[in-house]
Amino acid sequence: MPRRDPNAPVGAIARTSSEVSSRSGSDDVSVSFEFFPPKTGAAEDRLWSAIEKLEPFAPDFVSVTYGAGGSTRERTHRTVERMARETSFTPAAHLTCVDAPRAEIDAIAQDYWDAGIRHIVALRGDPTEGIGERYQPHPDGYDYASELVAGLKNIADFEVSVSAYPELHPESSDWRAEIDNLKRKIDAGATRAITQFFFSPDIFWRFQDRVLDAGLDIPIVPGLMLQPNVKGLQRMSSLCGVAVPDWYVELFEGLDGDPLTRDMLTASLMSELTAELYDRGVRQYHLYTLNRAEIAGAVARVLGMHRRTQLVR
């Protein structure tokens with residue numbers, strides 16, 4: 001399938017999306033969803049409404065994030081354990097190195113294991129002051145994600161996902177440093193790497209080539225951001241080193257007061273991206289849902305996930 005022409009009409013999206021949907025199916029594609037823990041009662045209602053809507057897609061796993069500096073640690077823990085008790089999801093908990101001694105992190109991991117949680121997304125984490133500030137390891141903690149992965153594997157045989165940055169982590173000096181850091185996480189026992197979001201499939205292919213050239217044998221799962229607020233998307237992107245193409249931003253011009261169209265456009269654009277990735281052999285996808293079930297559900301349907309049989313516990 002030819003690559004997308006950024007000047008092509010948006011209507012071309014429907015054709016590429018239908019093509020990938022017709023080829024994909026429950027045995028062919030693996031999809032995971034990422035949620036964030038609620039801060040208020042109303043946000044908790046929205047989260048569980050999203051979970052109810054997305055549960056029939058039977059994702060391979062779902063993950064629950066931390067806030068900056070581990071600021072939502074307890075909410076993350078409660079959300080993950082409730083998912084394990086009350087849904088058919090296989091939940092994974094985010095765990096970071098930030099502002100905690102090893103003993104505390106080890107205890108949290110052991111609690112997860114005891115609660116039946118077998119999958120951890122292990123991250124260094126962002127500074128407490130926020131992304132862009134200088135990261136300082138806790139004096140008694142795990143310094144970096146590779147050490148955290150090793151520590152988790154010493155506690156129990158966790159499945160461990162880690163992060164990857166197809167446009168370089170903002171603190172990486174060059175690609176050699178970036179790939180070396182990923183290798184350390186793999187050597188420590190990581191199961192898969194989930195990428196930071198991106199907008200061009202070529203960015204993913206170039207990164208995958210670098211990983212393969214380094215001899216690293218681990219699934220690299222593209223992360224797709226389902227953010228319909230382009231101003232919020234630009235803020236997120238500027239903090240984590242992601243380039244938002246001009247053509248993408250221009251498609252959202254004049255839609256500030258039209259959330260429905262923004263949602264539809266986001267779902268269409270991300271569906272097209274999955275189509276292009278699928279055409280080149282990608283079969284695993286991680287959707288950053290932002291707790292928005294409608295957009296995530298639309299993309300999941302394009303990937304054929306609605307064909308799965310939902311088993312209700």
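Analyst: Two strands are said to pair if DSSP finds at least two bridges between them. The model discussed here is predicted.

User: How do you know that strand β1 and strand β2 pair?

Analyst: Strand β1 (residues 30–35) and strand β2 (residues 61–64) share 4 bridges in the parallel sense. The definition asks for at least two bridges, so β1 and β2 count as a pair. Within this pairing, phenylalanine 35 stands opposite valine 64 in β2.

User: What is the order of the strands in the open sheet?

Analyst: The sheet has 9 strands with parallel pairing, in the order β7-β6-β5-β4-β3-β2-β1-β9-β8.

User: Why are β7 and β8 said to stand at the edges?

Analyst: Each of β7 (220–221) and β8 (223–225) has a single partner strand, so one side of each has no neighbour in the sheet.

User: What makes a residue a contact of phenylalanine 35?

Analyst: Contact requires heavy atoms within 4.5 Å. Leaving aside neighbours within four places in sequence, phenylalanine 35 has contacts that include Val62, Val64, Phe89 and Asn291.

User: Why is the set of 91 residues called a nonpolar core?

Analyst: A nonpolar core consists of buried residues of kinds such as Phe, Leu and Met, joined through side-chain atoms within 4.5 Å. The largest such set here has 91 residues, and Phe33, Phe35, Leu95, Leu152, Leu182, Met270 and Leu277 have the most contacts inside it. Helix α10 (residues 259–279) gives the most to this core, with 7 residues.

User: How many of the residues in the protein chain are buried?

Analyst: Buried means under 20% relative accessible area, and buried residues make up 52% of the 313 residues in the protein chain.

Note on methods. Residues numbered from 1 in each chain as written. Predicted model: local features only at pLDDT ≥ 70, side-chain atom pairs only at ≥ 80, totals over all residues. Heavy atoms only, no water. Buried < 20%, exposed > 50% of the residue type's maximum accessible area, 1.4 Å probe, protein only.
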